Structure formats: C-alpha cells, structure tokens
Amino acid sequence: MASQAPGDNMTIDGARLWQSIMDMAKIGPGVAGGNNRQTLTDADGEGRELFRSWCEAAGCTMGLDTMGNMFARREGTDPDALPVYVGSHLDTQPTGGKYDGVLGVLGGLEILRTLNDLNVKTRHPVVVVNWTNEEGTRFAPAMLASGVFAGVHDQDWAEDRTDAKGARFGDELDRIGWRGQEPVGSRKMHAMFELHIEQGPILEAEEKQIGVVTHGQGLWWLQCTVTGKDAHTGSTPMEMRVNAGLGMARMTEAAHRVAMDHQPHAVGAVGHCEVFPNSRNVIPGKAVFTVDLRSPDLEKLTSMRKAYEAAARQIADDLGLGLEIEPVGHFDPVTFDEGCVLAVRNAAERLGYSHMDLVSGAGHDACWINRVAPTAMVMCPCVDGLSHNEAEEITEDWAKAGADVLLHAVVETAEVVG
C-alpha cells in the first residue's frame, strides 16, 4: 500500500502541536493538572467546537455522522481515490490526562497544517477523525462509536446506553448538538492510522522513541457476583461464616495466578469491585467485581477465561458461596495490516527515530476499524507508563517524534503528487 516516500526533511511543527494540546487541555480541566472532559458533556461539546474551528482554519470540510463522529477532510487530487484516515478521540476519563487520545487527533490536525505549509498535494484525500466515546467511562462499553462504525455494535443499542445518572447516550448527543445526518459506517477508507501514547512502561524502559504497533491484545471482562450471608463480624464464629468478601479476595488472587500461568504477554486483574452491605461490622453477603483478562494470542485468551472460571467456581464451592459469572466485554486479539505497519516502521527508520515493535495492551478505536480497513498504530512513550491519571505526562520531543512518524506513514500511503 506504500508509494513514493516523503522527503526526510518533511516534519511537523512540534511547538505548534504542543500548543494545540495545551489549548485543548484548558477545556474540561481536572483537579490535579489533567482533564475531565467526559464524552457528551458540555466540556466535550466545547472541545469539539475548538477542534472544528482549527480544522476549518486549515481549509478542511467537516463531516459529522449520527453517532457524533467528526471527520475533517483535506482533498486529494484524485476524486475517485479513497481517503486515508488518521485520528483518535478527544473524550477523557474523569481523572484523565492531557494526552490520551488527544495526541492522536491533534497529531492528525498537525499533518493537515504541515501539508498546507509545504504545499504538498496527495492523490488520496486525508481525513482526521475524532471518534465519539472511546473511553467508555460514562457510557459503557469503550470504543462505542467506532464499534458502531465497524458493525460491531447496533446503533440503537449503542444509543440506549445510559450513564450512572440514567442519562441516555442518544439523548445526550442531541443535547450537546453534535449529532450529524451522515449514516454511521457509510464512509469507505483506503487506510487508517492512529497515534497514541503507549499507556505502559515499555518504550520508556527500552529508551525507544517510537512503538510500531503490530498487534492489539484481546480481552475478556467477566463480571462475577458472589453470594454468601450477611452476618455480624463480632458474633459469628469463623467456621460458620459464608463470607462473600473472602471469596472475592481469593478470586482476585486467582486472576493474578491465571495470568502468570499464561506468560508471556498475558495480563489479568480485578479493577472494579463492590461489597454489600459495605459496613465495617458486617460480613459481606454479596460481592460484585469485574475480572479483566488480556492476551494478544486468541488460544491463550480462551484458555485464560476457562481456567479462571474453573478456579473461581472451585473457590466458591470450597467456601459454600453462590457464584454467577457474566461476560460483559470481549474482543479478539487484533493483527494490524502488514502494509500499514511497514509504512510506520519505514517512517521511523527514514527519520532516524529509535523504535521497536509493540503489542498494544489497551483497546483503541483502531482495533475496531481494523475490521473494515487496513489499519496500524504509532505509539510514543509516556512517563512511568502512567495513563488514565491526571499525572499522565509525555515530553514535547516524544509528541513530535510520534507525529513525524505519523505524518510520513500517512503521506506515503496517501501518495505524494509531483
């Protein structure tokens, strides 16, 4: 899918990209230096408006579909050529950083600005996309709108997702005024690239500037409901307790053990848990928690789920507990397109940036879009691998290196004219 490579001297304006990121971070500020710009909030609407104004200033037309996905288009010279897409998301976690997702969207915008600055024409149009509700923190699941675009989710089902206060996704999209008329998924793509911070510690530890993402981990989210018997912690003999909290504790340890038994590249943990009645002097009669199991290998991922469910049921039987296990999230491991991956790797080598192949440990919009178009990802380091935290940090140099590689991969794929 590669064509004529752009010249080595074609690079983005790192200071301009950094200033754009800082300007976007002023919208929906967090309480500790990061951002709280959750999807379909007023702050999300304000961030979208700023992004649209920047894209229109760069001479782009803005498309908007019925899930609120935004598409800023720079025309190519061939009216019949399918566009090359680039982008990520602008929504954040409640205690999110300034770079997760934002780097990918504004890195795409910086590509358009750079092509304008250099008066570079491409045969294929280049489109920068902001996918709605990637985080899934307000409306589960994550990557919701890109999932509808790729045919993974039904749109009516997606629009019926509700937040913790009962607000409906579709109603909130209408409320902030960012529902378009374009049918979701009607666009055809030549390819798509996504730039993202790693959200892990590998690149920084290996002192590499660029991660060439070859695969994405698959996952199972299993919601476990453990039932025992509420009882007084002071007056119930130990041998007579039916302790749902104890069962949850042992099942939490089992998630760690199962992941360790499936090394390398397998991970597992309990990230969300609740106990009932959640009183300091009552033995829990019920516990609800979610197990997150991930691996880039489908056979291994399937084995992990089977092993965990068997271990959890054995623990429940040993303690006389009831147990229900419900799958609440799943996607298979992703293998990104060889041609797109090669374009990223070639770009890093051409520009002289240190790089290594990487498996993404998190889900991204690119994982769904990979089902309908050739796709690849570029990653840059983040300090201590920290993300989904207001202390999330990257350097201006890391941002520039990632955006430079993105620029070259996108332009090579979009085919320079002249």
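Predicted model: local features only at pLDDT ≥ 70, side-chain atom pairs only at ≥ 80, totals over all residues.
**Stop 1: the largest nonpolar core**

Select Phe 51, Leu 103, Leu 106, Phe 193, Ile 394 and Val 405. These are the residues that touch the most other members of the largest nonpolar core, which has 93 residues. A nonpolar core here is a set of buried Ala, Val, Leu, Ile, Met, Phe, Trp, Tyr and Cys residues joined through side-chain atoms within 4.5 Å. Buried means under 20% relative accessible area, exposed means over 50%, and partly exposed is in between (1.4 Å probe, protein chains only).

Next, colour helix α12, residues 396-414, which gives the most to this core, with 11 residues. Helices (H or I, at least four residues) are DSSP runs, numbered from the N terminus.

Now centre on Phe 193. Which residues is Phe 193 in contact with, leaving aside its neighbours within four places in sequence? Among them are Val 84, Tyr 85, Val 86, Gly 87, Cys 340, Leu 406 and Thr 413. Contact means heavy atoms within 4.5 Å.

**Stop 2: salt bridges within helices**

A salt bridge is a side-chain nitrogen of Lys or Arg within 4 Å of a carboxyl oxygen of Asp or Glu. The whole structure has 23 of them.

Start with Glu 49 and Arg 52, whose side chains meet in a salt bridge at 2.6 Å, N to O. Both sit in helix α2 (residues 42-57), 3 residues apart, so about one helical turn separates them.

Move to helix α8 (residues 244-261), where Arg 257 and Glu 253 are 4 residues apart. Their side chains form a salt bridge at 2.6 Å, N to O. Arg 257 is partly exposed at 36%, and Glu 253 is partly exposed at 41%.

Then try Glu 309 and Arg 305, with their closest N and O atoms 2.9 Å apart. Is Glu 309 buried or exposed? Glu 309 is buried, at 17% relative accessible area, whereas Arg 305 is partly exposed at 22%.

**Last stop: a network**

Finally, select Asp 42, Arg 138, Asp 163, Glu 172 and Arg 175, which are linked in a network of salt bridges.

Technical notes: Residues numbered from 1 in each chain as written. Heavy atoms only, no water. Helix = DSSP H or I, 4+ residues; strand = E, 2+ residues; numbered from the N terminus.
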